[in-house]
Amino acid sequence: IPSNVAMKVVERLIEQGEAKPSFLGIQYQELNPQLASEEGLNLTYGALLQDVVPDTPAAQAGLRPGDVIVAINGQMIDDRHPLVSELLEYVAGETITIEVLRDGVSFQTTLTLGERA
């Protein structure tokens, strides 16, 4: 676990007495050049959504299979910053801004992270 993530968890434990893991409600694959080529995408970084579970934060934010999450709160999702690692920096109940690529068009949306069961 990266030290900055551990520090955030410790701060939350001290301040709130708990640090609930976050939950989006998606299944995805990290993009790489081969997968991007197979999917006909012009970018080689990000998280390609394969499934969005109904009634989850991702579904409520309007995310759909085929979307690519390219950044969270301005941090690009790439091989040095995979989606799973970036989500560890946040806890359930926090609101984040996600940059998404859909059908060649980039947009931002916000969502409040759910609690992992």
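D55 counts as exposed, at 72% relative accessibility, where exposed means over 50% relative accessible area, buried under 20% and partly exposed in between (1.4 Å probe, protein chains only). This residue sits in the loop between β3 (47–52) and α3 (57–60); helices (H or I, at least four residues) and strands (E, at least two) are DSSP runs, numbered from the N terminus. Although D55 is not a glycine, its phi is positive, about 60°. The model is predicted, so local features need pLDDT of at least 70 and side-chain atom pairs count only at pLDDT 80 or more, while totals for chains, interfaces and linings use all residues. Residues are numbered from 1 along each chain as its sequence is written, and side-chain values use heavy atoms, with hydrogens and water left out.

A positive phi, near 50°, is also found at D103, again a residue other than glycine. D103 lies in the loop between β6 (95–102) and β7 (105–112) and is exposed, with a relative accessible area of 73%.

Now to the interior. In soluble globular proteins, nonpolar side chains tend to be buried together. A nonpolar core is a set of buried Ala, Val, Leu, Ile, Met, Phe, Trp, Tyr and Cys residues joined through side-chain atoms within 4.5 Å. The largest such core has 19 residues, and I69 and I72 have the most contacts inside it. Two or more residues each come from β3, β4 (68–72), α4 (83–87) and β6. A second, separate core has eight residues, among them L31, L35, L43 and V68.

Beyond residues up to four places away in sequence, I72 is in contact (heavy atoms within 4.5 Å) with I77, L83, E86, L87, Y90, I96, T97 and I98.
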